[in-house]
Amino acid sequence: MRIISGKHKSRRLSAPKNLPVRPTTDMAKESLFNILNNTYFFDSIAVIDLFSGTGNISYEFGSRGTKDIYAIDAHFGCIKYINETAKVLDLPINTFKSDVYKFLEKTSLQADVIFADPPYDFDEEQFLKIVDLVFTRKLLKEEGVLIVEHSKHTDLSKHENHSYDKRYGGNVFSFFENE
């Protein structure tokens, strides 16, 4: 994986092989950040990265100047790798080793962007539980967006807060906003 833009532009990172992850592809990530770049000033937002895995999305935000980044993952190896990489790159990433659902039920953090990249084999109900928790717990700031990455075989468009989808090959980003 590589960092697309910012102070660490073009930097390649290699995660350990034993992590249970499926990092967002560089092409999909670049497209996603092109969308976000038209809406947000990265140095003035807060980001929550759910199912953060290797930290791929968190590093991209950090490289672009985001100072409030929270990476959540239940796997100790993933959190350890993110902490080590964030230290090497001098990026302000706060990590939480936690089940994402438990984290969402308990946190008082609010963010402008919440990104969730759960396992693609989740069923629709598991994806929608993430969306429901974010909105019922009011974890998005007023002009914020929740982005859920999933496969083209999952349809989240029926949720009342769904805005639109962007497709990149087999990847889909579903965008959700406050009504």
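Author: Begin with a definition: partly exposed lies between buried, under 20% relative accessible area, and exposed, over 50%. The model is a predicted one.

Reader: Is Asp155 buried, exposed or partly exposed?

Author: The relative accessibility of Asp155 is 31%. Buried requires a value under 20% and exposed one over 50%. Asp155 therefore counts as partly exposed.

Reader: Which residue forms a salt bridge with Asp155, and is that partner buried or exposed?

Author: The partner is Lys158, with the closest N and O atoms 3.0 Å apart. A salt bridge needs these atoms within 4 Å. At 67% relative accessibility, Lys158 is over the 50% cut-off, so the class is exposed.

Reader: How many salt bridges does the whole structure hold?

Author: Side chains of opposite charge can pair when their charged atoms come close. A search of the whole structure for such pairs gives a total of 5.

Reader: How many residues apart are Lys29 and Glu60?

Author: Their side chains meet in a salt bridge at 3.4 Å, N to O. The pair links distant parts of the chain, Lys29 being in helix H1 (residues 26–37) and Glu60 in helix H2 (residues 56–63). Their separation is 31 residues.

Reader: Which residues are linked with Glu60 in a network of salt bridges?

Author: Glu60 also meets Arg64 in a salt bridge, at 2.9 Å from N to O. Both Glu60 and Arg64 are buried, and Lys29 is buried at 0% relative accessible area. The residues linked with Glu60 in the network are Lys29 and Arg64.

Technical notes
Residues numbered from 1 in each chain as written. Predicted model: local features only at pLDDT ≥ 70, side-chain atom pairs only at ≥ 80, totals over all residues. Heavy atoms only, no water. Helix = DSSP H or I, 4+ residues; strand = E, 2+ residues; numbered from the N terminus. Buried < 20%, exposed > 50% of the residue type's maximum accessible area, 1.4 Å probe, protein only.
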